[in-house]
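Please load the model in your viewer and keep the selection panel handy.

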Amino acid sequence: QQNPKTYAIVKQLLAEGNAGELQKYFGSRMEFGTAGLRAAMGAGISHMNDLTIIQTTQGFCRYLEKNFSDLKKRGVVIGFDARAHLSSGGSSKRFARLAANTFISQGVPVYLFSDIIPTPFVPYTVTHLKLCAGIMVTASHNPKQDNGYKVYWENGAQIISPHDKGISQAIEENQEPWPQAWDDKLIDSSPLLHDPYATVNKEYFKDIQKQCFYRNINKETSLKFVHTSVHGVGHKFVQLAFKAFDLSPPFAVPEQKDPDPDFPTVKYPNPEEGKGVLTLSFALAEKDGARIILANDPDADRLAVAEKQESGEWKVFSGNELGALLGWWIFTCWKNNSRDSRAIKDVYMLSSTVSSKILRAIALKEGFHFEETLTGFKWMGNRAKQLMDQGKAVLFAFEEAIGYMCCPAVLDKDGVSAAVITAEMASFLATRNLSLSQQLKAVYDEYGFHITKASYFICHDPKVIQQLFDNLRNFDGKNTYPKSCGRFKVSGIRDLTTGYDSSQPDQKAILPTSKSSQMITFTFANGGVATMRTSGTEPKIKYYSELCAPPGNSDVEQLKKELDELVNALEKHFFQPEKNKLQRKTE
């Protein structure tokens, strides 16, 4: 009964004898995975609250003690966003302080940010101060009742297996709160508490300036930008980033610029959801004559971009389109301004396996390396670190879910640096009388058109999902995959659930496999690729499709038509939504 609010919720349920609700609260503990924790705030072990944060941090602390003999010398960093939940008394700041208290009680130095920060500041601080680990308390772009606990390892990247299992086990073994676990006021007088806020704010903005190549253009540009932080943490930091690049500050959407845990102006605080989140941005841009909108998600690790077209319509770029533009831009800047003595053979770009292969096309033509990783920045961050440790330059990594890593100082997606680099790119293009859309077409003209289409079906029944994928693995009799999908001939199959890859000499997939999630990629004879996978965080079966044309094939409308037909065939023959009672994504 340390937290009167959650205690009152549980007492009320007990008084009502509401077994169903109690089962929901106490039936199962939140799963600690590679993305850490993510769940609604509220009472019980299935939710984010004071107790579950204390238990999680106790487990994490013990796991770190086991892995680092110098933990008490180096310490950890903890950051938080602006989320809060009135009815249970939970908030990101409260959770961060409780976590700090847990470490400090064991003699571990804690670098606790004194104010809200963007998520990328945590991995940046781990690397910059050479700490053992980092924790960010955030639920990113999830609905307002959620919160999360995201964990970084000493290499500055998100944890990957087996750390998740090790931490999870340590949490199970350390559930009894340690003495004074709830008394977070103790940290304020502790010599082990440090505030990295001022240092990191200075150093981060100094570091991202290494990606600033056209300061004079930035100073002169007449291009105007609108920025929205969607009631999250991004406002102040994007303003500072513009200043660091000598750009005039962007116009901030006034109703959305200050942090507000209720996200009152949007249905979902997720810029990926497209135009609904940008309604107020469009209005401000029209009023102030701005041509480009930059939108961060609430923890500012992702970025959406929209541009006003000649027709007066707004185009919202997909993650793949912005990935193509930023990849082209960052490579071009490297090539033209490279004081980097490393040869092009030591240059790398990465993207996840469900993202557009446009970087592969650019790499092939320009002579640098492209690698794909599994879905999620934890894989790209860890792979980037391995390559950097081998003396390679990793210029850029991206995923279609509007995540971009443009700056080697942060080994995770970073919406702050991505926003200001996009603004510099747009300012440079404006001096050539080119818009972002025109440059995107130029990239496709030079390296081949890459048209993508992604969506999902909702399915709450795990058995149906299992059957759907079993059917694909036993399509024409046992252990046979489909040879075609409607009129489209299948030329290759990679199944990362079972580890099968028809294109490899030994038929074994190169990327790591995971039995616990479904993921099959089909390659088609017409140059199309489609991946079907289950989501780790939502009841969805997602698909990602792409048609890659060689340079010189500029009939975009024909390519789009071909991809639409491929996607229709995929839905009809492989998903079978009527038979499997799947619910379509609603716009």
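**A pocket, then some cysteines**

Start by selecting helix 13 (358-366), strand 15 (369-373), strand 20 (488-495), strand 22 (519-524) and strand 23 (528-534): each gives at least two residues to the lining of the second largest pocket. Helices (H or I, at least four residues) and strands (E, at least two) are DSSP runs, numbered from the N terminus. This is a predicted model, where local features need pLDDT of at least 70 and side-chain atom pairs pLDDT 80 or more, while totals for chains, interfaces and linings use all residues. Residues are numbered from 1 along each chain as its sequence is written, and side-chain values use heavy atoms, without hydrogens and water.

Next, show K357, R360, F370, E372 and V529, which lie nearest the centre of this pocket among its 30 lining residues. Helix 13 supplies the largest share of the lining, five residues. Now colour domain 3 (320-447) and domain 4 (449-584): both contribute to the lining, so the pocket lies between them. Those bounds come from an automatic or database domain assignment.

Move on to the cysteines. The structure holds zero disulfides (pairs of cysteine sulfur atoms within 2.5 Å). Select C407 and C406: the sulfur of C407 is 8.0 Å from that of C406, its closest cysteine sulfur, too far for a bond. C407 counts as buried at 4% relative accessibility; buried means under 20% relative accessible area, exposed over 50% and partly exposed in between (1.4 Å probe, protein chains only).

Finish at C548, which is also buried, at 18% relative accessibility.

Methods: 1 Å grid on protein atoms, 1.4 Å probe; cavity = no way out; pocket = protein on both sides within 12 Å on 5 of 7 lines; lining within 4 Å.
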